Amino acid sequence: MSEPATSRHRLSVRDLSCERDGRRLFAGLSFELGAGAALQLEGANGAGKTTLLRTLIGSAADFAGEILWNGEPLSRALPALRESLLYIGHQAGVRRGLTPLENLAWYGAAEDDALWALEQVDLFGFEDSLCQQLSAGQNRRVALARLYLPYAAPLWVLDEPLAALDTAGVAALEARMAAHLDGGGSILLTSHQPLALAQLRRLNLSDHAVAPADAWVGGASVFS
Amino acid sequence: MSSVDRPATAGPGFSALLRVELLLALRRGADIANPLLFFVTVLALLPLGVGPEPELLARMAPGMIWVVALLATMLSQESLFRSDFEDGSLEQLTLSPQPLYFAVLAKVAVHWLVTGLPLALLSPLLALMLNLPAGGYLCLFVSLLLGSGCLSLIGAVGAALTVSLRRAGLLMALIVMPLYVPVLIFGTGAVQAALDGYAYHVQLAVLAALLAAAAALAPLAAAGAIRISTDS
């Protein structure tokens with residue numbers, strides 16, 4: 001129990017299959033994600049990357065198999081998981097009617113911390129502009145500034161964090177991720193681009209895809 | 001409450017939510033003005049439609065003011081959660097360790113502050129325009145004050161249920177209208193009783209009871225509906 005909180009967590013997935021709108025996306029998926037580990041989910045469009053992320057954080061309930069957080073099933077461990085979770089979805093959760101500074105304050109950041117975080121993502125000078133006047137890449141950076149706030153959660157779940165980022169932004173994000181992993185955090189992300197991270201493992205969801213004939217779980221097969 | 005000693009993952013507290021919602025509402029001035037303009041315009045057109053006889057207008061005034069206030073509230077609520085749903089902040093709220101109940105309550109409270117409260121404040125002016133007898137003013141104001149709170153709370157459930165649908169207006173009206181009916185009946189009933197010289201405290205008490213029940217239950221229902229809507 002003397003270990004710091006960040007080094008104790010573990011997300012385990014055993015024989016997971018997910019469905020969406022009555023179609024099974026993948027099956028037989030197993031992996032472990034512990035402290036200091038990073039996993040990049042790959043796969044064709046529609047392979048179920050976002051669905052998998054949303055299932056793992058408890059936002060989508062259509063799955064079969066086991067998801068364990070620190071050895072406890074997700075249904076019981078969900079509050080604990082969410083307290084250690086920082087999730088940035090494809091819709092990044094940046095409110096367009098607020099300024100970057102107000103957006104970070106909405107996530108509970110103190111002003112000094114928020115200003116420092118915005119400086120880290122190269123948004124210094126934009127902190128008081130409305131987000132609707134910023135570009136797509138800048139809005140993505142506002143969301144990514146959450147990664148630089150103090151008390152950042154140990155488990156990062158990032159859906160396409162590199163979307164709309166420029167090369168310098170990608171390099172800065174890789175550096176931040178490496179620092180997070182060194183500090184005992186863990187990262188689960190989807191991306192189509194390769195990332196330069198030593199600890200990164202890759203998982204291709206297309207390898208676990210279900211043949212189209214077996215994919216339908218609705219209709220008669222449910223009752224047979 | 002200081003945010004310094006709280007982890008950044010804890011999500012926004014109730015006062016922070018309230019402040020942000022108010023800020024957003026004030027920045028979107030048109031969203032505040034639209035329901036009020038609708039309210040004033042429809043009631044100003046009414047005498048042109050039904051004729052200017054003072055007795056007829058006085059007879060119609062309580063019901064018309066209430067019905068138009070109800071429609072104005074409903075039209076303004078269709079987009080209550082829409083922009084949050086589209087930019088992903090609604091999903092962030094569902095992931096926050098804070099109960100979604102308070103997030104919904106904060107949104108509804110701000111909606112009432114910028115819609116229900118101004119409607120109630122404007123109502124005596126429109127009552128004067130429609131020649132409502134003097135005995136009904138206070139009752140109309142108080143009944144709208146209580147009733148618009150109910151309408152905002154109930155409407156939030158409809159808005160939450162339809163947030164993931166593109167054209168939700170009609171569906172939301174179908175869901176919400178039956179629930180609006182008791183509020184409308186007791187609201188107009190109170191004003192009518194006041195005009196007829198009877199005690200109207202009973203109707204106002206029922207409205208207050210409806211408000212209390214809606215404040216306790218509607219955010220729960222809306223929170224559940226949001227979880228369903230974001231699970232797709």
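User: How many bridges join E4(A) and E5(A), and in which sense do they pair?

Analyst: This is a predicted model, in which local features need pLDDT of at least 70 and side-chain atom pairs count only at pLDDT 80 or more, while totals for chains, interfaces and linings use all residues. Residues are numbered from 1 along each chain as its sequence is written, and chains are lettered from A and ligands numbered from 1 in the order in which they are written. Helices (H or I, at least four residues) and strands (E, at least two) are DSSP runs numbered from the N terminus, and two strands pair if DSSP finds at least two bridges between them. In E5(A), Pro73(A) is the bridge partner of Leu68(A), and the pairing of E4(A) with E5(A) is antiparallel, over 2 bridges.

User: What is the strand order of the open sheet of 4 strands with antiparallel pairing in chain A?

Analyst: Strand E1 (residues 10–20) of chain A is joined to strand E2 (residues 23–34) of chain A by 8 bridges and runs antiparallel to it; Ser12(A) has Glu32(A) as its bridge partner in E2(A). E1(A) also pairs with strand E4 (residues 63–69) of chain A in the antiparallel sense over 6 bridges, with Ser17(A) opposite Ala64(A) in E4(A). The order in chain A is E2-E1-E4-E5. Its edge strands, each pairing on one side only, are E2 and strand E5 (72–73).

User: Which residue in the turn between E1(A) and E2(A) has a positive phi?

Analyst: E1(A) and E2(A) form a hairpin, with 2 residues between the strands. The residue in the turn with a positive phi, of about 50°, is Asp21(A).

User: Which residues stand opposite Leu39(A) in E8(A) and in E9(A)?

Analyst: Strand E3 (residues 38–42) of chain A pairs in the parallel sense with strand E8 (residues 186–190) of chain A over 4 bridges. E3(A) is also joined by 5 bridges to strand E9 (residues 200–204) of chain A, and these two run parallel. Opposite Leu39(A) stands, in E8(A), Leu188(A) and, in E9(A), Arg201(A).

User: Why can chain A be called as compact as a globular protein of its length?

Analyst: Chain A has 8 helices and 9 strands. Its radius of gyration (taken over C-alpha atoms) is set against the globule rule, 2.2 Å times the number of residues to the power 0.38. For 224 residues the rule gives 17 Å, and chain A is as compact as a globular protein of that length because its own value is close to this, at 18 Å.

User: Which element gives the largest share of the side of domain 1 of chain A that touches domain 2 of chain A?

Analyst: Residues are in contact if their C-beta atoms, placed from the backbone, lie within 7 Å. By this criterion, 9 residues of domain 1 of chain A are in contact with 7 residues of domain 2 of chain A. The largest share of the domain 1 side, 3 residues, comes from helix H6 (residues 167–182) of chain A.

User: Which helix gives the largest share of the side of chain B that touches chain A?

Analyst: Here 25 residues of chain B are in contact with 31 residues of chain A. Two or more residues of the chain B side come from each of helix H1 (14–27), helix H4 (82–87) and helix H5 (89–95) of chain B. The largest share, 5 residues, is given by H5(B).

User: Is Gln133(A) buried or exposed?

Analyst: Gln133(A) lies in the loop between helix H4 (111–120) and helix H5 (136–144) of chain A. Because 10 other C-beta atoms lie within 10 Å, Gln133(A) is exposed.

How values were computed: Two residues are in contact if their C-beta atoms, placed from the backbone, lie within 7 Å. A residue is buried if 20 or more other C-beta atoms lie within 10 Å of its own, exposed if 12 or fewer, and partly exposed in between; C-beta atoms are placed from the backbone.
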